[in-house]
Amino acid sequence: MELIGTLLFLISVMLIIGVLATKFSSKLGLPALILFLVAGMVLNRFMYFEDVQLVQFIGTLALIIILFDGGTQTKWGKMKPILGPASSLATLGVLLTTFITGVAAMYILDFSLLEGLLLGAIVGSTDAAAVFSVLGNKNFNQRLTATLEAESGSNDPMAVFLTVALIQLIQMPDMSIWVAIGNFFIQMGLGLAIGLLLGKISVFAINNIKLDTSSLYPILAMGAAVFTFAVTDYLGGSGLLAVYVMAVFVGNSDLTHRFSILRFNEGFAWMMQIIMFTLLGLLVFPGQLISVFWRGILIAVILMFIARPLAVFISMLFMKYNFKQKLFISWAGLKGAVPIVLATYPIVAGIGSSNLIFNTVFFVVLISALMQGSTLSWLAERLKLTGDEDDGSASVELINLGDTDSEIMKVTIPKQSPAVNMSLTDLTLPDHTLIIGITRKKKLLTPTGSSVIEKGDTLYVLGDKERRKEAKQSLLGNTERPKKTI
């Protein structure tokens, strides 16, 4: 019991410090995740831990939760125009970063080419959790923010595929590279198809099943995400891609209990990030870092200043982004939870250089978080890539009324809405549909027939579920975009 009590005490302290660290880190401009890493290294002095397989399991679960959270908060209306650049960065960009970093690692660490490429693949992707923790609610250029969100959310499958494929090539030198390429298209195709299918099923289940308490809906949604990964992975597809696609579909659909689902996801994702970075710190032994200190730093510098910029500029060669925007995207290639999880793969597989790879990844993640994370906001301001106005996207949330055929829609009116400057008397709504409340500039207004709708107003609309589409058409016309996270 004494050991259990000690572990519970350490976990509770870790979570409390982790939450408080987010406030502290935002003032410094550092990702809070770096403080969790330090916390793990401090705990390493008091407890011995080296269960790599447990870390890999927890890490995979953490990636599912982080991707699900990021996907549900991705606005399809903003993402759709930048799918081309984001897809190029998530595939060709990761491939180029892997190759350039891998060749450098081959010479610096005295690796074989395949071992060097393996290290490059592990650190080749931009981490969604790290990027989002730095971007936060800061007023960056919206197009760049959307590009980074889409890239960081969709490039993990490419990094996982390259890591697994390179481990197989190291263990089975006679394996054909064409087999690996064929597997790539199969995995991505299955991931996309299954993600869409299970996304539709998940939305239908959440909106139609009637549970005894609303607190169960976030658990149902999270269970659907884990189920999506497990089924896709079992069928030979990319589970992470399936989860992200499923999450984007869920987040951009009419969804009951949206608020509770998204807030639960966000809190759970933060907890998993705290756990993951703390576990990385526990797996780091300072004595082993000394031997790779300068080489790890050198690889991190090459990755940040050569590999990532070259990959970005080449993969976006014909894209409509100017030099400053490409430079900002290059510097926003932060590393985080994904390299931590992938660094355990060679260890579990028994690759001879696995410990050296893991320690090098530690330096890459640490230096990326310290240098890029602390200067990203500063760079955006210097390049004058901040200060975009709100795009006026519509926002819709469904509020379930229990065992009834009615619901309340919480609708934020964009500036393009046909209802703007129209009185409630002149507004055409379906039968049995009422506007029961209006919030404007943080004030609640009691609606009357003479009330005039203004852009930015939030309307509370009571009506039948089957007439939801008609009500949205009256209030939003054709201007509705994916639902805003609120």
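The following legends describe close-up views of a predicted model.

Residues are numbered from 1 along each chain as its sequence is written. In this predicted model, local features need pLDDT of at least 70 and side-chain atom pairs count only at pLDDT 80 or more, while totals for chains, interfaces and linings use all residues; side-chain values use heavy atoms, with hydrogens and water left out.

**View A. Ser451 in the loop between strands E4 and E5.** Ser451 lies between strand E4 (443–445) and strand E5 (458–464); strands (E, at least two residues) and helices (H or I, at least four) are DSSP runs numbered from the N terminus. The residue is buried, at 16% relative accessible area (buried: under 20%; exposed: over 50%; partly exposed: in between; 1.4 Å probe, protein chains only). Its side chain reaches the backbone nitrogen of Thr448 at 2.9 Å. Neighbours within four places in sequence aside, Ser451 is in contact (heavy atoms within 4.5 Å) with Met422, Ser423, Leu424, Ile438 and Thr446.

**View B. Pairing of strand E5 with E2 and E3.** Two strands pair if DSSP finds at least two bridges between them. Strand E2 (residues 406–412) and E5 are antiparallel over 7 bridges, and Thr412 stands opposite Thr458. Strand E3 (residues 434–440) also runs antiparallel to E5, joined by 5 bridges; here Thr458 is the bridge partner of Thr439.

**View C. The largest cavity.** On a 1 Å grid over the protein atoms alone, a cavity is a set of points where a 1.4 Å probe fits but cannot get out, a pocket is an open set with protein on both sides within 12 Å along at least five of seven lines, and lining residues have an atom within 4 Å of a point. Grid points are joined across faces, edges and corners, and a volume is the space filled by probe spheres set on the points. The largest cavity holds about 50 Å³. E5 gives the largest share of its lining, 4 residues, and E2 and helix H19 (468–476) each supply at least two. Among the lining residues are Glu407, Asp464, Arg467 and Arg468. By class, the lining has 4 nonpolar, 2 polar and 4 charged residues (nonpolar: Ala, Val, Leu, Ile, Met, Phe, Trp, Tyr, Cys and Pro; charged: Asp, Glu, Lys and Arg; polar: the others, Gly among them).

**View D. The second largest pocket.** This pocket has a volume of about 520 Å³. Of its 21 lining residues, the closest to the centre are Met79, Ser154, Leu192, Leu241 and Val245. The lining has 16 nonpolar, 5 polar and no charged residues.

Notes: Polar contact = N/O pair within 3.5 Å; in protein donor to acceptor, adjacent residues only side chain to side chain.
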